[in-house]
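This report concerns selected packing features of one protein model. Please consult the sequence and the structure shown here before reading on.

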Amino acid sequence: MSARLLLGEPVAEKVRQRIGGLVTQLATEHVTPKLAVIVATDNQATNWYVSSIARAATKLAVACEVLDLGEATVETLAETIKTLNADEQIHGIILQTPLPQGIDASSLVKLIDPAKDIDGANPVSLGQLSVGQEAFAPATARSVIEILEHYRIPLAGKHVAVIGRSTVVGKPLAQLLLQLDATVTICHSRTVNLAEHTSRAEVCVVAAGQPHLLTANEVAAHSVVIDVGTHVTESGGLTGDVQADSVQPLVSALSPVPGGVGTVTTALLLLHTVQAAVNFLERSRRGECQMSVGR
């Protein structure tokens, strides 16, 4: 048996189609959705990622402004976020990490307006998500759900093991899974006997940030495995948190690296930006904010 590959591109294409429809609707109101990405690093991987977001935005008629602040101070970053919060032409804000040494991102993401927090970084967004209120989930966490739903993998009543407890993937993903009536086990670096938990799961999501952590010894036969990890190999390629060669012959479905979750994430960031623009338009119609036209 060879596992079915859960490719991200068909999922991303559906997301892009949703974006196209919303952008067309917004255009009739003279509104152009706009994303602002704050960058304060010369990290090559980060710059490549941000450039990929900008290129994808251009293709979808979403404006994207990259604010390269160099080695900015915490005061400069805070003022930039506040300025973007007040700018009605900006609908989405991303504070890209890493930040300059000594700057704590957690104090800055609290400043992002939850209405513009399109990657679910603000604790307010995460809190709203946890109680089932409307909020933007971190795009990577939502990508996992989009892939599972696209490939019609049932979650209600199923046992899902999530390896990783970050606020970017593990914790928000657990909340999204619970909303879909899954039974969720969260595993992490202090979990004793990882295989005891993962080998009983019908779906296993690996977001631990450790290459090849999950092997055939830790998965159940015929289960579904979603690999969120991305690591650069010595040869310059990419690999994930799953030892794909050993796992693929055993499980029923596996998301590949590259070509899986990461492919969907960028599309969702742009979808969230467009949704934020729609939300702003609706609030303006209710008189909750001033509307700027001719964007």
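The following paragraphs treat a helix pair, a strand and a loop residue in turn.

The model is a predicted one. Two packed helices are described by the angle between their axes and the distance between the axes. Helix H2 and helix H10 pack at an angle of about 60 degrees, and their axes lie 10 Å apart. That makes H2 oblique to H10. The crossing of these two helices, H2 and H10, is right-handed. The residues that meet are set out by helix in the table.

| Helix | Residue range | Residues in the H2 and H10 contact |
|---|---|---|
| H2 | residues 44-59 | Tyr49, Ser52, Ile53, Ala56 and Ala57 |
| H10 | residues 261-285 | Thr265, Thr266, Leu269 and Leu270 |

Classified by type, the residues of the contact of H2 with H10 comprise six nonpolar, three polar and no charged.

Strand S5 spans residues 159-163; five of its five residues are buried, so the strand is largely enclosed by the rest of the structure. Both of its faces are covered: His159, Ala161 and Ile163 are buried on one side, and Val160 and Val162 are buried on the other. S5 pairs with strand S6 (residues 183-187) in the parallel sense, over five bridges. Within this arrangement, His159 stands opposite Thr183 in S6.

Val31 is located in the loop between helix H1 (9-27) and strand S2 (34-39). Is Val31 buried or exposed? Its relative accessibility is 4%, which is under 20%, so Val31 counts as buried. Val31 and Val278 are 247 residues apart along the chain, while their C-alpha atoms are separated by 9.0 Å.

Terms used. Residues numbered from 1 in each chain as written. Predicted model: local features only at pLDDT ≥ 70, side-chain atom pairs only at ≥ 80, totals over all residues. Heavy atoms only, no water. Axes fitted to C-alpha atoms, helices over the stretch in contact; angles between N-to-C directions. Helix = DSSP H or I, 4+ residues; strand = E, 2+ residues; numbered from the N terminus. Parallel < 35°, antiparallel > 145°, perpendicular 65-115°, else oblique. Left-handed = near helix turned anticlockwise from the far one by under 90°. Contact = heavy atoms within 4.5 Å. Nonpolar A, V, L, I, M, F, W, Y, C, P; charged D, E, K, R; others polar. Buried < 20%, exposed > 50% of the residue type's maximum accessible area, 1.4 Å probe, protein only. Pairing = 2+ DSSP bridges.
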